[in-house]
Amino acid sequence: MSSIAASPSSRRVLADVISRPSSRARAFALDAGLVIAGAAFVAILAQVSIPLWPVPITGQTLAVLVVGAALGAVRGAAALTTYMLVGLAGLPVFADFTGTIAAVAKPSFGYVIGFIAAAFVAGWFAERHWDRRPALAFVGFAAASALPFVFGIPYLWFILDVVGGAELTLWQLLEAGLFPFIVGGLIKAALAALIIPGAWALVRKADAAQK
């Protein structure tokens, strides 16, 4: 079992369907590869973007939910941490192919931080098998989808009001950083609640065919 914390058998997620190497070093390398692949998947969907000030609408949230559920809590959070760090290091993984340490000064950066918590929570629900049934998966994914706003809205306020002196009211902050994303967030949670249980259905079908 890898030191990156692959799930115990009772908390198996999709990534654990892969046969694990017996060597600790190879198991670690497998998990590291999964983390990198998860970060790359988020980077790809980040480019599905609708420009909107001060926070664009992107495909990131869907990617975060899928990666978190597929990899589990720890590996999912590690994937999103990797995504954030490589973006800050200069790789163009953020929305609109951007990436620089200057991203911390953008009003939207708090949502990137929140993605780490969202992936962890999506993985936490998946480890408890909420990802096997669409209805339960939707509830878990909707809860995970709320977390980027917990980080993003205070960060938005800090950059716009404290740093920028905009003096926005709470309602204006919510209009800028929450209201435009509610419907899209629910749609993304619903899509993830179809994708992940659908993948598990394929796994069960494959297992049954081998018996």
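**Close-up views of a predicted model**

**View 1. Salt bridges in the model.** The structure holds four salt bridges. The model shown is predicted. Side chains of opposite charge can pair when their charged atoms come close. One of the salt bridges joins Arg-75 to Asp-31. Their closest N and O atoms are 2.8 Å apart. Arg-75 sits in helix α3, and Asp-31 sits in helix α1. The two residues are 44 residues apart, so this pair links distant parts of the chain.

**View 2. An aromatic pair, Tyr-83 and Phe-94.** Eight aromatic pairs are counted in the model. In the pair of Tyr-83 and Phe-94, the ring centres are 5.5 Å apart. The ring planes meet at 75 degrees, so the pair is edge-to-face. Planes over 60 degrees apart count as edge-to-face. Tyr-83 belongs to helix α3, residues 73-88. Phe-94 lies in the loop between α3 and α4.

**View 3. The largest pocket.** Rolling a probe the size of a water molecule over the atoms shows where empty space is left. The largest pocket has a volume of about 660 Å³. Its lining is made of 35 residues. Which residues lie nearest its centre? They are Val-55, Pro-56, Thr-58, Gln-60 and Tyr-111. Two or more lining residues come from each of β2 (57-58), α2 (60-71), α4 (109-127), α5 (134-163) and α7 (182-210). By class, the lining has 24 nonpolar, eight polar and three charged residues.

**View 4. The second largest pocket.** This pocket holds about 160 Å³ of space. The lining has 13 residues. Leu-14, Val-66, Val-67, Ala-70 and Leu-71 lie nearest the centre. Helices α1 (24-46), α2 and α7 each supply at least two lining residues. How many charged residues does the lining have? It has no charged residues, along with one polar and 12 nonpolar residues.

**View 5. A nonpolar patch on the surface.** Five names make up this view: Val-183, Ile-187, Leu-191, Leu-194 and Ile-195. Together they form a nonpolar patch with about 470 Å² of accessible area. Ile-187, one of the patch residues, is found in helix α7. Helix α7 also gives two or more residues to the lining of the largest pocket.

Methods
Residues numbered from 1 in each chain as written. Predicted model: local features only at pLDDT ≥ 70, side-chain atom pairs only at ≥ 80, totals over all residues. Heavy atoms only, no water. 1 Å grid on protein atoms, 1.4 Å probe; cavity = no way out; pocket = protein on both sides within 12 Å on 5 of 7 lines; lining within 4 Å. Points joined across faces, edges and corners; volume = space filled by probe spheres on them. Helix = DSSP H or I, 4+ residues; strand = E, 2+ residues; numbered from the N terminus. Nonpolar A, V, L, I, M, F, W, Y, C, P; charged D, E, K, R; others polar. Patch = residues over 30% accessible without salt bridge, like charges linked within 9 Å, V, L, I, M, F, W, Y side chains within 5 Å. Areas by Shrake-Rupley, 256 points an atom, 1.4 Å probe, with all protein chains shown as cover. Salt bridge = Lys/Arg side-chain N within 4 Å of Asp/Glu carboxyl O. Phe/Tyr/Trp six-rings, centres within 6.5 Å; stacked < 30°, edge-to-face > 60°.
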